[in-house]
Amino acid sequence: MEKWLVTGAAGFLGSHVTEKLLSEGKKVIAVDNLSWGHKSFIEERTKEMDFYQVDIRDKSELDKIFEQHKPTHVIHLAALHFIPAAIKDPSLAIDINVRGTQNLLQSMREKANVKAFWFASTGDVYAPDEKAHHETESVISPFNIYGLSKFICEQLINLESKNAPETKFVIGRLFNLYGSRETNPHIIPEILNQIKKQTGDVQLSLGSIWPKRDMVPVDQTAACVIDTLTKVITFEQNIFCMNYATGNVTSVEEMIKTIAKILDRKIQINIDPTKVRSVERSHLQADVRALKAFLGRTPDPDLTIGLTKILKDEQFI
Ligand SMILES: NC(=O)c1ccc[n+]([C@@H]2O[C@H](COP(=O)([O-])OP(=O)(O)OC[C@H]3O[C@@H](n4cnc5c(N)ncnc54)[C@H](O)[C@@H]3O)[C@@H](O)[C@H]2O)c1
């Protein structure tokens, strides 16, 4: 019987992954220390799965979970993800992201017989470039401590793939996810929070509105991750690296115009210099040919559809 263990299960992407797995009737073992995630995101469904409030830095607790459940599939999302928090405490970012990942890889090998493992890496491993980033052709040069911590994890996974040839390993480089249940104070929750507090015409006070990002709907990403791990088992090769994105980019300003159109409200943007990040990528876009070739699809790039969904979920419309 398939058993899917998800770390970071109570987080933004994790809550969508567990929801989808449960809706497909899969057995789920959820691990999260609730440092950023919320039990309420998965509360309704905790009866249907085994939930452990455990820190991935605690190897002995991980060992017990792997020993007891012997998961067949592992989706590893737990991390310190918010970049300003990682920059503020680089040692913590390395401790959670790198040591936590190594613990997990060891517990998997020592205590279970995992068929397929999926790791949440990031587009932040690529050197800044105006072109779409390609998995093997683009230059890898992490832009910040968060990206570096994820790149070190990729190297650990590469090494582990040689030690555990029966397991399939997928490194998924995620771009900018959006959708309901965001945990980190990213730009879309910030915009919606400000809109929520106002009636009629809206005045937004924001930092950089010009950077262009590959915006990816979180629920479709969750589905792509699960489908990848299901399919990867049929391949000979045991290590894969793919971008999870749409291949399109849009600026924050363009996103706000789309929101204004959907809400049929006037939105004026005021730049607050104190909110402008001193170092920021101007353009982050993925080449999605590998994902398309593997799955036959990518997440939907249509921002109007995606933003309308969040606005409905958050009861703006
Ligand atoms: N959201 C994005 O746009 C994006 C982009 C690139 C990569 N990623 C990666 O995808 C993964 C999921 O991202 P997310 O947006 O859902 O972030 P998130 O912060 O909502 O989820 C991470 C989860 O991990 C948990 N966690 C943190 N430290 C832990 C620890 N030591 N032990 C156990 N659990 C711990 C948190 O409580 C949280 O629920 C992360 O690894 C992130 O780096 C996300």
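**Entry 1**

The model I am reading is a predicted one. Within this pair I looked up Arg 213, whose bridge partner in E14 is Leu 284. I then traced the whole sheet: it is open, has three strands in the order E12-E9-E14, and its pairing is mixed. I noted strand E12 (250-251) and strand E14 (283-284) as the edge strands, since each pairs on one side only.

**Entry 2: the seven-stranded sheet**

Next I followed an open sheet of seven strands, ordered E3-E2-E1-E4-E5-E6-E11, with parallel pairing. Its edges are strand E3 (50-52) and E11, each of which pairs on one side only. From one strand to the next I recorded an average twist of 15°. As a reminder to myself, strands of a sheet pair through backbone hydrogen bonds, either parallel or antiparallel.

**Entry 3: strand E1 and its neighbours**

How many of the five residues of E1 are buried? I found four, and I therefore describe E1 as mostly covered, a residue being buried if 20 or more other C-beta atoms lie within 10 Å of its own. On one pairing, E1 joins strand E2 (residues 27-31) in the parallel sense over five bridges. Thr 7 has Val 31 as its bridge partner in E2. I also saw that Thr 7 stands opposite His 76 in E4. Strand E1 (residues 3-7) and E4 run parallel and are joined by four bridges; here Trp 4 has His 73 as its bridge partner.

**Entry 4: strand E4**

I turned to the side chains of strand E4 (residues 73-76). His 73 and Ile 75 point one way, Val 74 and His 76 point the other way, and all are buried. I compared this with the general rule that in a regular strand the side chains alternate between the two faces of the sheet. E4 is also joined to E5 by four bridges, and these two strands run parallel. The bridge partner of Val 74 in E5 is Phe 117.

**Entry 5: helix H2**

I examined where helix H2 lies and found it across E1, E2 and E3, running at about 175° to E2. The axes of H2 (residues 59-69) and helix H4 (residues 90-111) come within 9 Å and cross at roughly 40°. I recorded the crossing of H2 past H4 as right-handed. The H2 residues in this contact are Lys 59, Leu 62, Asp 63, Phe 66 and Glu 67, and those they meet in H4 include Asn 103, Leu 104 and Met 108. By kind, I listed four nonpolar, three polar and five charged residues in the contact of H2 with H4.

**Entry 6: around the ligand**

Which residues come nearest to the ligand? Of the 29 residues around it, I noted Gly 8, Gly 11, Gly 37, Ala 79 and Ala 120. The elements that give two or more residues to this shell are helix H1 (12-23), H4, strand E5 (116-122) and strand E7 (176-178). H1 supplies the largest share, three residues. I divided the shell into 14 nonpolar, twelve polar and three charged residues.

**Entry 7: Phe 235**

Finally, I located Phe 235 in the loop between helix H7 (218-232) and strand E11 (239-244). Is Phe 235 buried or exposed? I recorded Phe 235 as exposed because 11 other C-beta atoms lie within 10 Å, and the cut-off for exposed is 12 or fewer. The C-alpha atoms of Phe 235 and Lys 196 are separated by 48 Å, although the two residues are 39 residues apart along the chain.

Definitions and conventions: Residues are numbered from 1 along each chain as its sequence is written. This is a predicted model: local features need pLDDT of at least 70, side-chain atom pairs count only at pLDDT 80 or more; totals for chains, interfaces and linings use all residues. Axes are lines fitted to C-alpha atoms, for helices over the stretch in contact, and angles run from 0 to 180 degrees between N-to-C directions. A crossing is left-handed if the near helix is turned anticlockwise from the far one by less than a right angle, and right-handed if clockwise. Two residues are in contact if their C-beta atoms, placed from the backbone, lie within 7 Å. Ala, Val, Leu, Ile, Met, Phe, Trp, Tyr, Cys and Pro count as nonpolar, Asp, Glu, Lys and Arg as charged, and the others, Gly among them, as polar. A residue is near a molecule or strand if its C-beta atom, placed from the backbone, lies within 6 Å of it. Two strands pair if DSSP finds at least two bridges between them.
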